[in-house]
Amino acid sequence: IRRVRGLALFVIPSLLLAAEPSVKSVALLDQKPAVGNADIADWQKAQECYGEGAISSRKAGFMRLLEAAIAEAALRAHGGPAPKPEDLGAEADRIDKDTRAPEILACIKKSFGKDRSRYLNVFVRPVLIETRLRLYLPTDRKVQAQAFSAVEKAQAALKAGASLREAAEQ
């Protein structure tokens with residue numbers, strides 16, 4: 001058991017690169033499955049669409065998917081929005097609309113077959129979580145309490161007639 005930023009992280013390293021296909025969970029986060037063998041296999045297959053130089057190793061897939069799971073747990077722990085199925089659908093639609101590589105995206109979708117939920121959870125979810133994390137952290141009042149407090153003190157000092165230098169030094 002390891003604690004990462006207050007989150008319990010359970011990793012079974014011996015399964016990282018050599019897990020049997022019958023083992024479903026490679027990593028648990030907060031005692032819940034976070035990354036499974038099927039997820040890693042799906043991720044690897046999708047990454048192959050990027051061509052010969054693509055990083056599609058099992059370890060890279062594990063790291064990408066675990067990173068997204070940790071980020072999602074951190075967002076939830078700090079009151080951030082948990083992704084709903086409709087959010088994943090909207091993000092998939094955005095990816096469809098904004099992609100600059102439609103052939104690669106078509107290949108990625110094809111790699112997931114007809115199971116849209118696998119595509120949404122393995123490919124779209126990490127993108128959505130990364131975007132939310134980037135947008136949420138700089139603007140959340142709890143996460144940025146110290147910075148917001150400093151700005152509010154400086155604003156109050158300016159309103160009270162302090163110079164810009166005096167307000168900045170508070």
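What follows is a chat about where those labels come from.

Me: How do you know how far to trust this chain, and what is its mean pLDDT?
Reply: It's a predicted model, so start with the confidence score, which runs from 0 to 100. The mean pLDDT of the protein chain is 84, and 86% of its residues reach 70 or more. Watch residues 7-19, though: the pLDDT there is below 50, and the stretch has 36 contacts in the model beyond near neighbours in sequence.

Me: What is the overall layout of helices and strands in the protein chain?
Reply: There are eight helices and four strands. Going along the sequence, the order is β-β-α-β-β-α-α-α-α-α-α-α. Of the contacts with a separation of 6 or more, 53% are between residues 24 or more positions apart.

Me: What makes E3 and E4 a pair?
Reply: Pairing takes at least two bridges between the strands. Strand E3 (residues 25-29) and strand E4 (residues 32-36) have four bridges, in the antiparallel sense, so they count as paired. You can pick out partners: serine 25 is bridged to glycine 36, and alanine 27 stands opposite valine 35.

Me: And what sits between E3 and E4 in the hairpin?
Reply: Two residues separate the strands, and aspartate 30 in the turn has a positive phi of about 55°.

Me: Why are H4 and H6 called roughly perpendicular?
Reply: Helix H4 (residues 85-98) and helix H6 (residues 116-136) pack at an angle of about 85°, with their axes 9 Å apart. The label covers 65 to 115 degrees, so H4 is roughly perpendicular to H6.

Me: Which residues of H4 and H6 meet?
Reply: On the H4 side they include Leu88, Ala92 and Ile95, and on the H6 side they include Tyr119, Leu120, Val124 and Leu128.

Me: Why is alanine 69 called buried?
Reply: The cut-off is under 20% relative accessible area. Alanine 69 has 15%, so it's buried. This residue is in helix H3 and, leaving aside neighbours within four places in sequence, touches Leu29 and Ala34. Its C-alpha atom is 9.6 Å from that of proline 33, a residue 36 places away along the chain.

Me: What makes alanine 157 buried?
Reply: Alanine 157 has a relative accessible area of 7%. That is under the 20% cut-off, so the label is buried. You'll find alanine 157 in helix H7 (residues 145-159). Beyond neighbours within four places in sequence, alanine 157 contacts Ala162, Ala167 and Gln170.

Me: Which residues of helix H2 are buried, and what do they pack against?
Reply: In helix H2 (residues 37-47), the buried ones are Asn37, Ile40, Asp42, Trp43, Gln44, Ala46 and Gln47. They pack against E3, E4, helix H3 (58-77), helix H5 (102-111) and H6.

Me: And what share of the protein chain is buried?
Reply: Buried residues make up 34% of the 170 residues.

Key: Residues are numbered from 1 along each chain as its sequence is written. This is a predicted model: local features need pLDDT of at least 70, side-chain atom pairs count only at pLDDT 80 or more; totals for chains, interfaces and linings use all residues. Side-chain values use heavy atoms; hydrogens and water are left out. pLDDT is the predictor's confidence in each residue, from 0 to 100. Contact means heavy atoms within 4.5 Å. Axes are lines fitted to C-alpha atoms, for helices over the stretch in contact, and angles run from 0 to 180 degrees between N-to-C directions. Angles under 35 degrees count as roughly parallel, over 145 as roughly antiparallel, 65 to 115 as roughly perpendicular and the rest as oblique. Buried means under 20% relative accessible area, exposed over 50%, partly exposed in between (1.4 Å probe, protein chains only).
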